Amino acid sequence: MYEAGRIPHALLLTGPEGTGALPLAISFAQYINCTGDKTSGDSCGRCPSCVKYKALTHPDLHFVYPVVKGSSPEVYSTDFLDKWRELFGESIYFSRIQWISRIKSDKQGAIFKDDVVALHQKLGQKSVEAPYKVLIMWLPELMNETAANRILKILEEPPSNSLFILVSENENDILPTVLSRTQRIQVSPIDDESICQHINRLCPTLGEEQSKRIAHISMGSMIRVNQVLNDNDELKSNIEFFANLMRSCYRRDASAMVSFVDSISKMTRDEHKNRLQYCIHMIRESLVYNLQQEELSVLTNDEESFLKKFAVFIHPGNVFGLVDQFNTAIFHIERNGNSKIIYFDLMMQVAVLLKIQRE
Ligand SMILES: [Zn+2]
């Protein structure tokens, strides 16, 4: 695209969490601004521009990402730039939950109008040292409406020598008018071979078979690879969440349900959504497990040891109802419903569905 001399004003990179759309966006911007030897088709990695790009400190590289409002009415991405560089320095693959917890908030992140207005001003100025001013917006689907309308104005009349790269995990939630002004590039999940290489670099003692298995269950997401490799606490608490919820529903144990709901009352909306989505994943996996479709299964060892006993309760007679109930709960969580009420409703329905006998 670059070599053909045709760089569009606005690109949209889309790919599920952990597939590397964000690092790809940064690499591309680094490449077009690299002043060194680019004959290999990649940036040189050593010129002053590349060095600043790698540290995310280039003066013509601007970021907008979800943030949360504190006591002040205005909030900008730049307020959190140190944290952003810090997290990116630890791993170029991170999830929205990891980011929001890094900025120590229990709220749902969003992209606000103030941020977009400030950006518009910066893009209107001349670039400091690079041929292109680059703006990378991570998760444009989290723009509120006023921010989205403001972005639309910029995309309609893009400042000269500027490049917008939107990096989305869920393009269905982006305004169609914004979508129509971008050139869309789908980022594929990372292939198993590249994941195996990554695993071998990190854990050279792990055998080939183990690496292949981890690659398979990671479904192209480096975040999941890291979770499995690090025996991640998050993965463990996800399993625990699913197991506790399902157990108390199956037993129709009202006091267990109450203490379950109490135990999760401090979770953020993002965490609720994440956990509920994880439950849908496990319900699907239960069905696959029952059908003994091993090549379709993407379970970790811990997950498998729970599903060994539990999977039998999920069957074609209740699986769709269960998935519907969890999706309904996510829908209400997203619309700021009272989480306690949402969970009680969910658990009542799940308790009924789990008692449906297998045909
Ligand atoms: Zn360079």
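**View 1. Contacts of Leu135 in the predicted model.**

**View 2. The largest nonpolar core, with 42 residues.** Leu135 returns here, among the residues that touch the most other members. Ala25, Ala29, Val64, Ile136, Ile165 and Val167 share that standing. Strands β1 (10-14), β2 (61-64), β3 (133-138) and β4 (162-168) each give two or more residues to this core. So do helices α1 (21-33), α4 (96-102), α5 (113-124) and α6 (145-156). The most comes from α1, which gives six residues.

**View 3. A second, separate nonpolar core.** In soluble globular proteins, nonpolar side chains tend to be buried together.

**View 4. The crossing of helices α11 and α12.** Helix α11 spans residues 233-250, and helix α12 spans residues 254-263. Their axes come within 8 Å. They cross at roughly 155°. That angle is over 145 degrees, so α11 and α12 are roughly antiparallel to each other. Their crossing is left-handed.

**View 5. Residues at the contact of α11 with α12.** From α11 come Asn244, Leu245 and Ser248. They meet Ala256, Met257 and Phe260 in α12. Four residues of this contact are nonpolar and two are polar. None is charged.

Key
Residues numbered from 1 in each chain as written. Predicted model: local features only at pLDDT ≥ 70, side-chain atom pairs only at ≥ 80, totals over all residues. Axes fitted to C-alpha atoms, helices over the stretch in contact; angles between N-to-C directions. Helix = DSSP H or I, 4+ residues; strand = E, 2+ residues; numbered from the N terminus. Parallel < 35°, antiparallel > 145°, perpendicular 65-115°, else oblique. Left-handed = near helix turned anticlockwise from the far one by under 90°. Contact = placed C-beta atoms within 7 Å. Nonpolar A, V, L, I, M, F, W, Y, C, P; charged D, E, K, R; others polar. Core = buried A, V, L, I, M, F, W, Y, C linked by C-beta atoms within 7 Å. Buried ≥ 20, exposed ≤ 12 C-beta atoms within 10 Å, placed from the backbone. Lists of a residue's contacts leave out its neighbours within four places in sequence.
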